[in-house]
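I opened this notebook to keep track of what I looked up, one topic per entry.

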Amino acid sequence: MASMQKRLQKELLALQNDPPPGMTLNEKSVQNSITQWIVDMEGAPGTLYEGEKFQLLFKFSSRYPFDSPQVMFTGDNIPVHPHVYSNGHICLSILTEDWSPALSVQSVCLSIISMLSSCKEKRRPPDNSFYVRTCNKNPKKTKWWYHAEEYVRNILLCSSAQLLNEVQGKECQKTKQRKDEKGRMTSYHS
């Protein structure tokens, strides 16, 4: 417990003294407990979320930093994003299976800023309604299906094909998604 509190104190100071761009620690949130923080966030300039204000809730277990924090959007404004559910749950691998004790609150904040900043279209995940009705209140209890590697591979393939096709005067195939036989979202070229 002492090592967790020491680590949280160190990260709290780092977040107060050198917050990621657009992030501010809500000082009131840490007055009563060091294990629950609210971080105020503003959408980055030049992105779909520019000027929008959000709040992230961080909850730390006694096993932190060996166990990832529970992180979710909270408050009245939940960003509309393909990896953010309307209840505030975030589908981001570093919050679950890709967590490492070398990561920190600041690295989580930077990943979330990056995720929002790279968004090209505001939309909810395709299974938002079902997920929100059936999920656990703790997003860490969700078994997420990550398709990032396949998605990146398809983008790289498409980008390479697009470059080649531009030279040849052809258009790139668009990547679409569909559900497989188990109901998971998969990507394919049309």
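**Entry 1: the sheet.** I started with the rule for strands: two strands pair if DSSP finds at least two bridges between them. The model I am reading is a predicted one. On that rule I found four strands in an open sheet, ordered E1-E2-E3-E4, with antiparallel pairing. Strand E1 (23-25) and strand E4 (70-74) are at the edges with a single partner strand each, so one side of each has no neighbour in the sheet. From one strand to the next I noted an average twist of 25 degrees. I then looked up E3 and E4, which pair in the antiparallel sense over five bridges. At Phe58 I found Val71, in E4, as the bridge partner.

**Entry 2: the whole chain.** I stepped back to list the elements of the protein, and there are four helices and six strands. Read along the sequence, their pattern is α-β-β-β-β-α-α-α-β-β. I also looked up how H1 is placed: it lies across E1 and E2 and runs at about 20 degrees to E2. The protein has 190 residues, and 38% of them are buried. For contacts between residues at least 6 apart in sequence, I noted that 55% join residues at least 24 apart. The accessible surface is about 11500 Å², and carbon and sulfur atoms account for 52% of that surface.

**Entry 3: aromatic rings.** I went back to Phe58 with a question: which aromatic residues form a cluster with Phe58? I found one aromatic cluster made of Trp37, Phe58, Phe60, Tyr64 and Trp99. In the protein I noted seven aromatic pairs.

Phe58 has 0% relative accessibility and counts as buried. Phe60 is buried at a relative accessible area of 7%. Tyr64 is buried as well.

**Entry 4: salt bridges.** How many salt bridges are there? I noted four, and I looked at some of them.

I took Glu11 and Arg7 to begin with, whose closest N and O atoms are 2.5 Å apart. Both residues lie in helix H1 (residues 2-17), four residues apart, which is about one turn of the helix. I wrote down Glu11 as buried, at 7% relative accessibility.

I then turned to Glu52 and Lys122, a salt bridge with its closest N and O atoms 2.3 Å apart. Glu52 is in the loop between strand E2 (36-42) and strand E3 (53-59), and Lys122 is in the loop between helix H2 (105-117) and helix H3 (128-134), so this pair ties together parts that are 70 residues apart in sequence. Are these two residues buried, partly exposed or exposed? Glu52 is partly exposed, with a relative accessible area of 22%. Lys122 also counts as partly exposed, at 39% relative accessibility.

I ended with Arg123 and Glu121, whose side chains meet in a salt bridge at 3.7 Å, N to O. Arg123 is partly exposed, with a relative accessible area of 33%.

Key. Residues numbered from 1 in each chain as written. Predicted model: local features only at pLDDT ≥ 70, side-chain atom pairs only at ≥ 80, totals over all residues. Heavy atoms only, no water. Helix = DSSP H or I, 4+ residues; strand = E, 2+ residues; numbered from the N terminus. Buried < 20%, exposed > 50% of the residue type's maximum accessible area, 1.4 Å probe, protein only. Contact = heavy atoms within 4.5 Å. Areas by Shrake-Rupley, 256 points an atom, 1.4 Å probe, with all protein chains shown as cover. Phe/Tyr/Trp six-rings, centres within 6.5 Å; stacked < 30°, edge-to-face > 60°. Axes fitted to C-alpha atoms, helices over the stretch in contact; angles between N-to-C directions.
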